[in-house]
Amino acid sequence: MAQVKQEETLKKIVSHAKEYGFVFPSSEIYDGLGAVYDYGQNGVELKNNIKRYWWSAMTLLHDNIVGIDSAIFMHPTIWKASGHVDAFNDPLIDNRDSKKRYRADVLIEDEIAKFDDKIEKEVAKAAKRFGDSFDAALFRTTNPRVLEHVAKRDELHNRYKAAMEANDLAELKQIILDYGIVCPISGTKNWTDVRQFNLMFKTEMGSTADGSMNVYLRPETAQGIFVNFLNVQKTGRMRIPFGIAQIGKAFRNEIVARQFIFRMREFEQMEMQFFVRPGEELKWFAQWKEARLKWHKALGMGDEKYRFHDHDKLAHYANAATDIEFRMPFGFKEVEGIHSRTNFDLSQHEKYSGKKIQYFDPELNQSYTPYVIETSIGVDRMFLSILCSSYEEQALDNGETRVVLHLPKQLAPVKACVMPLVRKDGLPDKAREIVNMLKFDYACQYDEKDSIGKRYRRQDAVGTPFCITVDHQTLEDNTVTIRHRDSMEQERVAIADLPALIDKEVSFKELLKKLV
Ligand code: ATP
């Protein structure tokens, strides 16, 4: 039942995103292309605002973080050095009856999540029964049914973890069989063996007559930062600790593309590599974990929607890793990864390129290969989390329903819409005057079509924080009504006061100040 509701919520969000110009399926008139999407007129604004928030938080607030923009195509040896050619694989499994393909690790992780659901249900049931006197922590450690679920979850979890660490594909299949995991489509256990599948897209560069070269579309932006480490460090005279930030497209040939823009084959990442002294990486890891969570929470979408998830299987390059997960309609899901990547990448590039990639630390009077903390967040996943968290079908006192996006105001595609009450008596000209006053600082719209009520609804649906209405009184005393999106309250204010009023709510400055 809950599952059906979750799917319905996501479906509604997907169709709302399309109807209001946020996200369109790619190549739609040709029936689309799997897991590729286009951003529409409102989507691109929201996306740009997310990127601006991240970029400013990294490069404006830290005098030791600078940005770059490296090319998508890179020398193919880079991907050999980084380990992606040999190890950027997902374990895939097919169901012979439905002919559907799955990630074996995801099937098992979903099974583990079922135990977690059972535990949470027991806790919720007991909380209802015992009321205020309920001690949830005590219940979790003593209730026999909870303990039984915990034991079963841990058993599965440990077996899964061992199989992943040993890269034991046969054992992954055995777990799927032992736990009776069935294909959601066919409902059968008629599984193939588990195989590894490399996620990188390959293409050719140069004409064949000249001898073409196989190149990859980058599966992460991070390597563009590592191979520019010396360039930036030297030309920027950067001293450790320092960071390099980058926003750009990444490509992964995902086996199973589902859940809208959560898992795409072409997506955008915002990554920052922070270079530190060897031995200090775990201290910085802890610091960046907190800083990144703070960045998310400052948007005011609700602190309870976030949690950390520490990794069981560390990537080949990491000595600590965690995800920041966000509560989507389909459960808590990763939005950002924070990884302590050791000195793996720089050492590998030193080895494969034959160039010395080290840093001379004047304070220690010695050279070393810096260690790296990475923060890596998907723009599209962030976009989805904001959309899911903001979407509301709100029942109104008059019996109607309005669909409203409670977007963080600073990120809203349109900040204010100015509307003449009627299309005559000079009101449109006055409204245009106000747009012309505001448009240099804020994305504004002008709307004179349909009733005021309808115009408000249209702006609610795209998350516009302010609607400004020009009426006959405006011509007399230069005041307007300003309507607030979330409360729907209206107040009469002087036109001259509009910029300050809007600025207080939508300025990036106020948002960024929460981070320092
Ligand atoms: P997942 O386990 O969900 O495949 P990942 O752990 O492989 O993700 P990372 O390699 O850590 O992801 O990438 C960093 C971030 O990039 C993720 O937190 C996510 O926000 C984003 N990302 C990764 N893959 C995709 C994708 N296919 N579509 C959209 N965003 C993605």
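Tutor: Start at F383: leaving aside neighbours within four places in sequence, F383 is in contact (heavy atoms within 4.5 Å) with F22, V23, Y39, G43, L46, K47, I50 and I261. A quick note on provenance: this is a predicted model, where local features need pLDDT of at least 70 and side-chain atom pairs count only at pLDDT 80 or more, while totals for chains, interfaces and linings use all residues. Residues are numbered from 1 along each chain as its sequence is written, and side-chain values use heavy atoms, with hydrogens and water left out.

F383 belongs to the largest nonpolar core, which has 61 residues, and together with Y53, W54 and W295 touches the most other members. Such a core is a set of buried Ala, Val, Leu, Ile, Met, Phe, Trp, Tyr and Cys residues joined through side-chain atoms within 4.5 Å. Buried here means under 20% relative accessible area, with exposed over 50% and partly exposed in between (1.4 Å probe, protein chains only). Helix 13 (residues 379-390) gives this core its largest share, seven residues. Helices are DSSP runs of H or I with at least four residues, strands are runs of E with at least two, and both are numbered from the N terminus. Another core, of 21 residues, lies apart from this one, and A431, I468, V480 and V493 are among its members. As a general point, nonpolar side chains in soluble globular proteins tend to be buried together.

Now the ligand. Its shell holds 16 residues, the closest being E254, R263, M264, E334 and V335; to be in the shell, a residue needs a heavy atom within 4 Å. Strand 13 supplies the largest share, five residues, and strand 10 (266-276), strand 13 (331-342) and strand 16 (371-378) each bring at least two.

For polar contacts, look for pairs of N or O atoms within 3.5 Å. A polar side-chain atom of R381 sits 3.0 Å from a ligand oxygen, and a backbone N or O atom of G378 is 3.0 Å from an oxygen atom of the ligand. On the nitrogen side, a backbone N or O atom of F262 lies 3.4 Å from a ligand nitrogen. The protein covers 86% of the 590 Å² of accessible area that the ligand has on its own, by the Shrake-Rupley method with a 1.4 Å probe.

Definitions and conventions: Polar contact = N/O pair within 3.5 Å; in protein donor to acceptor, adjacent residues only side chain to side chain.
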